[in-house]
Number of protein chains: 2
Amino acid sequence: MKILIIEDNPDIAANVGDYLEDRGHVVDFAGDGVTGLHLAVVNDFDAIVLDLMLPGMDGLDVCQKLREEARKNTPVLMLTARDTLEQKLQGFKTGADDYMVKPFELQELEARLQVLARRGKAVEPRVLKVGDLEYNLDTLTVSREGKEITLNPTGLKLLQRLMEASPRVVSRHELELRVWGEELPDSDSLRVHIHSLRNAIDKPFDVPLIQTRHGIGYRLVHPDAVQT
Amino acid sequence: MKILIIEDNPDIAANVGDYLEDRGHVVDFAGDGVTGLHLAVVNDFDAIVLDLMLPGMDGLDVCQKLREEARKNTPVLMLTARDTLEQKLQGFKTGADDYMVKPFELQELEARLQVLARRGKAVEPRVLKVGDLEYNLDTLTVSREGKEITLNPTGLKLLQRLMEASPRVVSRHELELRVWGEELPDSDSLRVHIHSLRNAIDKPFDVPLIQTRHGIGYRLVHPDAVQT
DNA sequence: TATCCGCTTAACGACTTCTTAATGCTTTTG
DNA sequence: CAAAAGCATTAAGAAGTCGTTAAGCGGATA
């Protein structure tokens, strides 16, 4: 599994990280909320271990921003020293999937992470489908009407988000966040990428899938499919 | 949510069940492992609360059989008085999704159940409805009598506020605040936007929904619907 | 080193949306 | 009932956004 640990105490971080790495997982670290959030948005982790007490942005903020702004539903396990019911409820409310109180057993942490990752996988299929468009996340292959389509890395990222969200509208800002993280390019590069994505996905076919919501963002939807 | 409680202690079962029912959930009970497993297999619950100490078949067996034989992946929250690490690990190994140790807070139980049910279920679209008018907040699509209506961003913002408030009156100032924030335009731009909103929503249909409250603001109501 | 590929930037026209202002109608108020 | 204020309607220009194209930069590749 690929796991992100957001924890400001280096001892705890190292302790947890070492254990998980010994168990064969790949571990990334962040010492504060901002970089943690950034890593979580840009990468695709199987699970995130999130301490509540963080310098700058605290854990609840990180979780909430991850869910609402970045619209990522990577499983989050919250970690805290304080053990009040109120705290826990608030943690779950911001979108946490599990909650452990220090001190805890490393084995239990790993077991819970594994359960979270297992659940998360079940929801997100390995192949995204919208109409006749398919995107295999394992082979990073895109095809429409059975014909293979090759895309740039940026195109893939955009397409993934659009397909995940379909038929919802994805704001320009969210797309930019997904591709570049917090440090956006100076110019409106997104427009050019959308254009080339359209060239690859829509232009060779009869029905265009990518729609523009002027002033808001984009939307990927198959017109014939049943909408609500 | 539809929840199954498998618990042999009638006091605890009643206690938990009453609380969950008060919170608006539908609860089923089973006093032993065999009937619990049977109910879990036959029905589709959103989550299962499973005690470990059960007469006959114990909780671990129930969980394992549910997963392996019945191949159901209904979320399972295990409940136990014993708090050994070994127990917990075994619980997760048999396919539990969460694990709580007695005594526990009912509110936390509900929060965890909600998280479990949330995963694995597709997020249902958020839709505002007033009469035959519908506004899907995810796809940003508006329709009336099934016919699609396209609106510009400002129109969407106004409509959202009016529909949220319906059938109450929304003051001009509140609407302006919603669209422009604190820095309002110099002229009374709101009137023009309301006008174009009416053109889109009311003009093509028989019954107008947007009413003017002179000197106060606007109101969106379906006249036929029951009002207070 | 030369070539390719992907990304960014810039520029331009086309298009959409927003604001402003002018005019006439409706409601309120003294 | 008349004046004043608030509102509806319309049109036109300003401002903003989008699609498209092409040039330049830098890293990777051969």
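1. In this predicted model, a right-handed β-α-β unit in chain B is made by β3(B), helix α3 (residues 59–68) and β4(B). The two strands of that unit, β3(B) and β4(B) (residues 76–80), pair in the parallel sense over four bridges, and within this pairing Ile48(B) has Val76(B) in β4(B) as its bridge partner.

2. Strand β3(B) also pairs with strand β1 (residues 2–6) of chain B, again in the parallel sense and over four bridges, with Ile5(B) standing opposite Val49(B) of β3(B).

3. How many of the five residues of strand β3 of chain B are buried? Five of the five, residues 47–51, are buried, so the strand is largely enclosed by the rest of the structure. Ala47(B), Val49(B) and Asp51(B) point one way from the strand, while Ile48(B) and Leu50(B) point the other way.

4. Turning to chain A, one finds eight helices and 12 strands, and its C-alpha atoms fill a box of roughly 60 × 35 × 35 Å along the principal axes. The radius of gyration of chain A is 19 Å, which agrees with the value near 17 Å that a compact globule of 228 residues would have. Buried residues account for 33% of the chain, and of the contacts with a separation of 6 or more, 58% are between residues 24 or more positions apart.

5. Around DNA strand D there are 17 residues, of which His195(A), Thr212(A), Arg191(B), His195(B) and Thr212(B) come nearest. Helix α8 (189–201) of chain A and α8 (189–201) of chain B each supply at least two residues of this surface, which by class has four nonpolar, eight polar and five charged residues.

Terms used
Residues are numbered from 1 along each chain as its sequence is written. Chains are lettered from A and ligands numbered from 1 in the order in which they are written. This is a predicted model: local features need pLDDT of at least 70, side-chain atom pairs count only at pLDDT 80 or more; totals for chains, interfaces and linings use all residues. The radius of gyration is taken over C-alpha atoms; the globule rule is 2.2 Å times the number of residues to the power 0.38. A residue is buried if 20 or more other C-beta atoms lie within 10 Å of its own, exposed if 12 or fewer, and partly exposed in between; C-beta atoms are placed from the backbone. Two residues are in contact if their C-beta atoms, placed from the backbone, lie within 7 Å. A residue is near a molecule or strand if its C-beta atom, placed from the backbone, lies within 6 Å of it. Ala, Val, Leu, Ile, Met, Phe, Trp, Tyr, Cys and Pro count as nonpolar, Asp, Glu, Lys and Arg as charged, and the others, Gly among them, as polar. Two strands pair if DSSP finds at least two bridges between them. A crossover is right-handed if, with the strands pointing away from the viewer, the path from the first strand over the helix to the second runs clockwise.
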